[in-house]
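Keep the coordinates open as you read.

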Amino acid sequence: MIGGGFMGRTHSNAYNQVSHFFPELAYRPVLQAVCTRSADKVRAFADQWGYQATETDWRALLRRDDIDAVDICTPNDTHAEIAIAAAEAGKMILCEKPLSRTLAEGHRMVEAVERAGVPNTVWYNYRRLPAVTLAKQLVDAGKLGRIYHYRANFLQDWTINADLPQGGTGLWRMDVDAAGSGVTGDLLAHCIDTAMWLNGAIRDVSAVTETFVKERMHQLTGKVQPVGIDDACIFHCHFENGSLGLFESTRYARGHKALYTFEINGEHASIRWDLHDLNRLEYFDHRDESVVRGWRSIHVTDGDQPYMNKWWVPGLGIGYEHSFIHQVADFLKGLETGQSAAPTFRDALQTQKVCQAVLDSAAARSWKDTGVEGKVG
Ligand code: SOE
C-alpha cells in the first residue's frame with residue numbers, strides 16, 4: 001500500500017475483509033508493507049490496518065521482493081511515476097482513480113503495464129455496488145430496449161467556503177498541479193466510467209466549467225494563488241449507440257455531500273440509482289400490465305442478485321465499503337485465469353479521454369470528439 005489517506009483506509013479494509021467473505025478465492029491478500037512519507041503516520045497506519053512492515057520511500061517499497069502487488073493511493077500527480085516504476089519492477093498494480101492527471105500520463109501508464117504484462121486495475125468502485133451491477137445486467141439483457149437518454153450527477157458542497165486553502169494534505173484535490181483537474185477528474189470520472197460501462201462509448205462532448213472562487217491560499221506555500229481547478233462542470237454528449245447524455249458535477253451544491261445519481265431511459269424501460277440509497281435500484285417497465293404499471297423500488301439484497309450471496313440474509317443491506325471489497329475479490333478471481341479485473345488501465349484511459357475532451361471543450365467553447373470507440377470494459 002502506498003498512501004495512508006481516506007482511500008488507503010477503504011482499500012485496506014477491503015484487503016482485510018475479502019477472504020472472510022470470498023473464501024473460495026485461490027489467492028489471499030497479505031498486508032506486507034505500507035508506505036507514507038511520514039514515519040509516525042506510517043507506523044500508526046500499519047498498526048491500525050495490520051501491515052507487517054513500513055516504508056517512507058515508495059521506491060524502497062518497490063525494491064522489496066516480498067511484494068507482489070502495489071496499491072497506489074497517493075495524490076494524482078504521483079500515479080504515473082509510481083505506476084510506471086511498479087510495472088518495470090514486475091508488480092501487479094491497483095491504482096486509485098482517476099488513472100492520471102492528463103491523457104499523456106495515462107497513455108504512458110497503459111504502455112508500461114502492457115509492456116510488463118502485469119495485472120492491473122483502477123478503483124472505479126461504484127460499478128461493484130450490487131444495485132449498479134444489477135443495472136448492468138438489465139441493460140445487457142436488453143430489458144430497456146433502445147436507449148435514448150443517460151443522465152448522471154455527482155454533487156458535493158465541501159469547497160464553498162472561500163477561506164478553504166488549496167493544496168497539501170487533505171486538500172490536494174483543490175490544487176490543479178496535484179489533481180490535474182477539479183470535479184471533472186475527481187467526480188465526473190466516476191460518472192463517465194459507469195456510463196461507458198453501462199451504455200457504451202461517449203463519442204463527443206460539449207462542456208461548460210466554472211471556477212467560483214478564483215484565488216485561494218496554498219497550504220504549502222502560504223501564498224494566495226489562482227485556483228486552477230474546475231469547481232463545477234456540466235456537459236452533454238452523444239454516445240456511440242445514438243443516445244444522448246447529460247452530466248453535472250459540482251462541489252457547490254449546498255446540502256449535497258456525495259449525491260451520485262444516474263438514470264437511463266430506454267424504449268421499454270427506465271432505471272435510476274442514487275448513492276444515498278445505494279441498495280436500491282428503481283425500475284420502470286412499460287410492458288407491465290397498465291393497472292399496476294409504475295416505478296418499482298428493487299431492494300438489491302437477495303442472494304440471486306449480484307454479490308449478495310456473499311453477505312447476510314435477504315433484506316439486510318450493505319454499504320459503500322463493500323464496493324471496494326468486491327473489487328478486490330474480482331481482482332483476485334482474475335488472477336486465477338490471468339484476466340485483469342475491469343476497469344483495467346486501458347479501460348480507465350477511455351474515461352481519461354472523455355475527461356480531457358470535456359476540459360478541452362469547456363476551454364474552447366466548442367464540441368470535442370473523445371476518440372473513444374467500441375466496447376469499454
Ligand atoms: C471527493 O470528495 C471524493 O472522495 C472522491 O475523491 C471519491 O472518488 C468519491 O468516491 C467520493 O468523493
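Leaving aside neighbours within four places in sequence, Ala 152 is in contact with Cys 191, Ala 195, Phe 247, Thr 261 and Phe 262. This is a predicted model. Ala 152 belongs to strand E6, which covers residues 147-155. Is Ala 152 buried or exposed? The count of other C-beta atoms within 10 Å is 23, and 20 or more makes a residue buried, so Ala 152 is buried. Val 328 gives a contrasting pair: 176 residues separate Ala 152 from Val 328 in sequence, and 26 Å separate their C-alpha atoms in space.

Next, the sheet. Nine strands form an open sheet with mixed pairing. Their order is E15-E14-E13-E12-E6-E11-E10-E7-E16. Strand E15 (296-299) and strand E16 (368-369) stand at the edges. Each has a single partner strand, so one side of each is left without a neighbour in the sheet. In general, strands of a sheet pair through backbone hydrogen bonds, either parallel or antiparallel. Strand E12 (residues 259-266) and strand E13 (residues 269-274) run antiparallel, joined by five bridges. Phe 262, one of the contacts of Ala 152, has Trp 273 in E13 as its bridge partner.

Now turn to helix H8. Helix H8 spans residues 183-199 and bends by about 45° at Ala 189. Why is H8 described as largely enclosed by the rest of the structure? Of its 17 residues, 17 are buried, so the rest of the structure largely encloses H8. Gly 200 follows H8, with a positive phi near 85°.

The ligand comes next. Gln 156, Asp 186, His 190 and Ala 258 surround the ligand. By class, this shell holds one nonpolar, two polar and one charged residue.

Finally, step back to the domains. The domain assignment of the chain gives domain 1 (6-125) and domain 2 (127-369). Taken over C-alpha atoms, the centres of domain 1 and domain 2 are 23 Å apart. The contact takes 36 residues from domain 1 and 39 residues from domain 2. On the side of domain 1 that touches domain 2, the elements giving two or more residues are helix H1 (6-21), helix H5 (103-116) and strand E5 (120-123). H1 gives the most to that side, with eight residues. Which classes make up the side of domain 1 that touches domain 2? The residues there divide into 21 nonpolar, twelve polar and three charged.

Notes: Residues numbered from 1 in each chain as written. Predicted model: local features only at pLDDT ≥ 70, side-chain atom pairs only at ≥ 80, totals over all residues. Near = placed C-beta within 6 Å. Nonpolar A, V, L, I, M, F, W, Y, C, P; charged D, E, K, R; others polar. Bend = angle between axes of the 7 residues up to and from the residue. Helix = DSSP H or I, 4+ residues; strand = E, 2+ residues; numbered from the N terminus. Buried ≥ 20, exposed ≤ 12 C-beta atoms within 10 Å, placed from the backbone. Domains from an automatic or database assignment. Contact = placed C-beta atoms within 7 Å. Pairing = 2+ DSSP bridges.
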